[in-house]
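Open the model in the viewer and keep the selection tool ready.

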Amino acid sequence: MYSTDLRTDAEKRRAQKADAKRSVEDAAFLDAFQARIDAGDIIEAKDIMPEGYRKTLVRQISQHAHSEIVGMLPEGNWVTRAPTLRRKLILLAKIQDEAGHGLYLYSAAETLGRSRDDMVADLLSGKAKYSTIFTYPTPTWADMGTIGWLVDGAAITNQIPLCRCSFGPYARAMVRVCKEESFHQRQGYEIVTTLAQGTPEQKQMAQESLDRIWWPSLMMFGPPDGASAHSSQNMKWKIKRHSNDELRQRFIDTTVPQAEFLGLKIPDPDLKWNEERGRYDFGDIDWSEMWAVIKGGGICGKARIRARKAAHKEGEWVRAAAAAYAQKRNSEKAA
């Protein structure tokens, strides 16, 4: 159980000097890397980078990819029940976009040395996380509108600054993702507008959906700045450009007038315009709910992972066939 340091005093001193030299080299390297970031350089996958920077990107990009893939599930649940053929087609197109976003992001993460198989395995095992919003149920058609309006709206608020992320592959992927997400947001708002201007029952459906999704959508920006473990370092590395609280405030300031235009009420009794700040004041968020969801307490969390596991297993033959075909083509080229 125990070990004894058998080195001589001279050997210990040499080791201490080596450690000190290594620390100086590491500090110099980190300073040089930070200087590149501060100068606005774009970091590419081939560039030497700190391991912390690499790990942070793998965690964030893979979690983003997982969220896109898992986010298809609550929407897929409504394809056969959408009220018209036009709505079905639009919803199918949106789901297809989300699948594409996941593929872009997995590809960006793979440039950092992490295989897609490993990332997917982490998701299916529960080791990797995805956005907490997708653990909530979507019991009515109005939720398809509110998800587009609020959830995709929050995503856009988060993701537009990522188009200027210091890591090139991630930033470039986000340019296309944000363009498509902007269509999703407008499509969702159009659904909610139709319901809000429809029958009293339809407007009530829209209001109840807003009541369910408002607070979880605010949690999408992450914990408050004082409780965020990664935010300050990510901003220093320019992976992020704005803090969680700043982005959350920006989303609220944009969304509240939209709700007022529709005649819907934000479910926050403390919400009010602050003339002095030029921004909305809002009530306290129940962060215990977010932490409980992260720890596996989401209403649909286990069901989402079961569905992903089933899809992964059912698609095993497709992956095997694609691998066999690729191997055959490579053998033909080699011959």
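Colour the chain by pLDDT and select helix α1, residues 9-38: confidence in the chain is lowest here, with a mean of 71. Then select helix α8, residues 200-219, where confidence is highest, at 97. This is a predicted model, and its chain averages a pLDDT of 90, with 92% of the residues scoring at least 70. Residues 1-7 have a pLDDT below 50. Apart from near neighbours in sequence, that stretch makes 3 contacts in the model.

Next, select helix α6 (residues 142-159) together with helix α7 (residues 168-196). Their axes come within 7 Å and cross at roughly 145°, and the crossing is left-handed. Show side chains for the contact. On α6, pick A142, M144, G145, T146, G148, W149, D152, G153, I156 and Q159. On α7, the partners are M174, V177, C178, E181, S182, H184, Q185, G188, Y189, I191, V192 and L195. Colouring this contact by class gives 11 nonpolar, 9 polar and 2 charged residues.

Move to a second pair: helix α4 (residues 85-110) and helix α5 (residues 116-125). The two axes come within 9 Å, at a crossing angle of roughly 115°. Here the crossing of α4 past α5 is right-handed. By class, the contact of α4 with α5 comprises 6 nonpolar, 1 polar and 2 charged residues.

The largest share of the lining, 5 residues, comes from α5. The lining as a whole has 9 nonpolar, 1 polar and 4 charged residues, and the space in the pocket is about 400 Å³.

How many cavities of 30 Å³ or more does the structure hold? There is 1, and the largest cavity has about 70 Å³ of space. To display its lining, select P74, I133, F134, Y136, P137, T138, I147, V151 and I213. This lining divides into 8 nonpolar residues, 1 polar residue and no charged ones. The second largest pocket, by contrast, has 4 charged residues in its lining.

Key: Residues numbered from 1 in each chain as written. Predicted model: local features only at pLDDT ≥ 70, side-chain atom pairs only at ≥ 80, totals over all residues. Heavy atoms only, no water. Axes fitted to C-alpha atoms, helices over the stretch in contact; angles between N-to-C directions. Helix = DSSP H or I, 4+ residues; strand = E, 2+ residues; numbered from the N terminus. Left-handed = near helix turned anticlockwise from the far one by under 90°. Nonpolar A, V, L, I, M, F, W, Y, C, P; charged D, E, K, R; others polar. 1 Å grid on protein atoms, 1.4 Å probe; cavity = no way out; pocket = protein on both sides within 12 Å on 5 of 7 lines; lining within 4 Å. Points joined across faces, edges and corners; volume = space filled by probe spheres on them. pLDDT = per-residue confidence, 0-100. Contact = heavy atoms within 4.5 Å.
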